[in-house]
Amino acid sequence: MSTEKRSIAIAITGASGALYATRTMAALMEQGCHLELVISDYGRRLLRDELGEQAAVDKLLGYLEAKYGAGVRNGSYTLYSNKDLGAKIASGSQDCEAMAIVPCSMKTLAGIAHGLSRNLVERAADVMLKERRRLVIVPRETPMSLPQLKNMVLCAEAGAMMLPAMPAFYQMPKTLDDLADFMAGKVLAALGFRHQLYPGWEG
Ligand SMILES: Cc1cc2nc3c(=O)[nH]c(=O)nc-3n(C[C@H](O)[C@H](O)[C@H](O)COP(=O)(O)O)c2cc1C
């Protein structure tokens with residue numbers, strides 16, 4: 001059996017819900033993944049605004065370990081500049097098997113829907129679509145305009161899974177972390193991972 005780490009691209013953009021991103025990262029790293037990580041300028045701002053200075057990009061690994069435990073060290077990540085259109089994940093010839101954009105702003109959603117590839121997040125997403133690999137988009141906005149709704153349809157038609165940041169309440173969440181666990185679990189399942197972030201529904 002191959003001992004190589006599974007390579008998954010994670011993008012964090014400037015939509016509310018930084019906690020969903022950190023929980024998703026930690027859960028994938030606990031499972032031994034190597035993450036190809038891109039964070040937009042507004043994604044960087046959201047990490048600090050919503051989670052505090054300790055979650056700033058240059059301290060992110062320490063934040064993940066302090067919050068989610070040493071298990072995150074099973075995995076690793078490489079951080080790319082969103083301006084670097086020559087980065088590994090900008091090409092279809094790399095071995096990154098899937099990508100999740102969590103959370104995904106309406107701006108980035110629009111760029112993917114229209115194949116703009118203006119930055120690394122959009123280009124890497126475009127690569128996933130053209131190579132027919134898994135692309136999971138976690139949009140967050142409310143209410144939504146007609147162009148935003150149409151952009152979701154365009155992405156779904158192109159093969160992306162639209163997985164809106166809509167945590168459920170039937171698992172009786174008590175904390176924000178419970179809600180983040182639910183969303184991260186949905187993302188992991190969509191990427192093809194088993195997980196125990198929320199109990200399976202048993203009727
Ligand atoms: C505090 C804050 C919260 C925001 N929340 C959202 C949001 O939930 N959804 C959204 O589409 N945009 C949101 N925005 C606006 C985006 O960050 C903005 O459109 C930005 O240009 C997105 O760029 P990016 O996709 O490159 O990160 C928010 C901005 C700020 C400063």
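User: Which residues touch the most other members of the largest nonpolar core?

Analyst: The model is a predicted one. Its largest nonpolar core holds 63 residues, and α1 gives the most to this core, with 9 residues. The members that touch the most others are Ala124 and Val138.

User: Leaving out residues up to four places away in sequence, which residues does Ala124 touch?

Analyst: Ala124 belongs to the largest nonpolar core. A contact here requires C-beta atoms within 7 Å. With residues up to four places away in sequence not counted, Ala124 touches Ala9, Ala11, Val38, Ile89, Ala90 and Met99.

User: How many residues of α1 are buried?

Analyst: Helix α1 covers residues 18–30 and is mostly covered. Its buried residues include Ala18, Leu19, Tyr20 and Arg23, as well as Met29.

User: Why does the end-to-end distance of α1 agree with that of a helix of its length?

Analyst: Helix α1 has 13 residues, and at 1.5 Å a residue it should span 18 Å.

User: Which residue just after α1 takes a positive phi, and of about how many degrees?

Analyst: Just after α1, a positive phi is taken by Gly32, at about 90 degrees.

User: What is the radius of gyration of the chain, and how does it compare with the globule rule?

Analyst: The chain has 7 helices and 6 strands, in the order β-α-β-α-α-β-β-α-α-β-α-β-α. For 203 residues the globule rule gives 17 Å, and the chain's value is close to this, so the chain is as compact as a globular protein of that length. The C-alpha trace spans about 40 × 40 × 40 Å along its principal axes. The radius of gyration is 16 Å.

User: Among contacts between residues at least 6 apart in sequence, what percentage join residues at least 24 apart?

Analyst: Of the 203 residues of the chain, 43% count as buried. Among the contacts in question, the share that joins residues at least 24 apart is 77%.

User: Which element gives the largest share of the shell around the ligand?

Analyst: Of the 15 residues around the ligand, Gly14, Ala15, Ser40, Ser105 and Met106 come nearest. Two or more residues of the shell come from each of α2 (41–51) and α4 (106–113). By class, the shell has 3 nonpolar, 7 polar and 5 charged residues. The largest share, 4 residues, is given by α2.

Conventions:
Residues are numbered from 1 along each chain as its sequence is written. This is a predicted model: local features need pLDDT of at least 70, side-chain atom pairs count only at pLDDT 80 or more; totals for chains, interfaces and linings use all residues. A residue is near a molecule or strand if its C-beta atom, placed from the backbone, lies within 6 Å of it. Ala, Val, Leu, Ile, Met, Phe, Trp, Tyr, Cys and Pro count as nonpolar, Asp, Glu, Lys and Arg as charged, and the others, Gly among them, as polar. The expected span of a helix is 1.5 Å times one less than its number of residues. A residue is buried if 20 or more other C-beta atoms lie within 10 Å of its own, exposed if 12 or fewer, and partly exposed in between; C-beta atoms are placed from the backbone. The radius of gyration is taken over C-alpha atoms; the globule rule is 2.2 Å times the number of residues to the power 0.38. Two residues are in contact if their C-beta atoms, placed from the backbone, lie within 7 Å. A nonpolar core is a set of buried Ala, Val, Leu, Ile, Met, Phe, Trp, Tyr and Cys residues joined through C-beta atoms within 7 Å.
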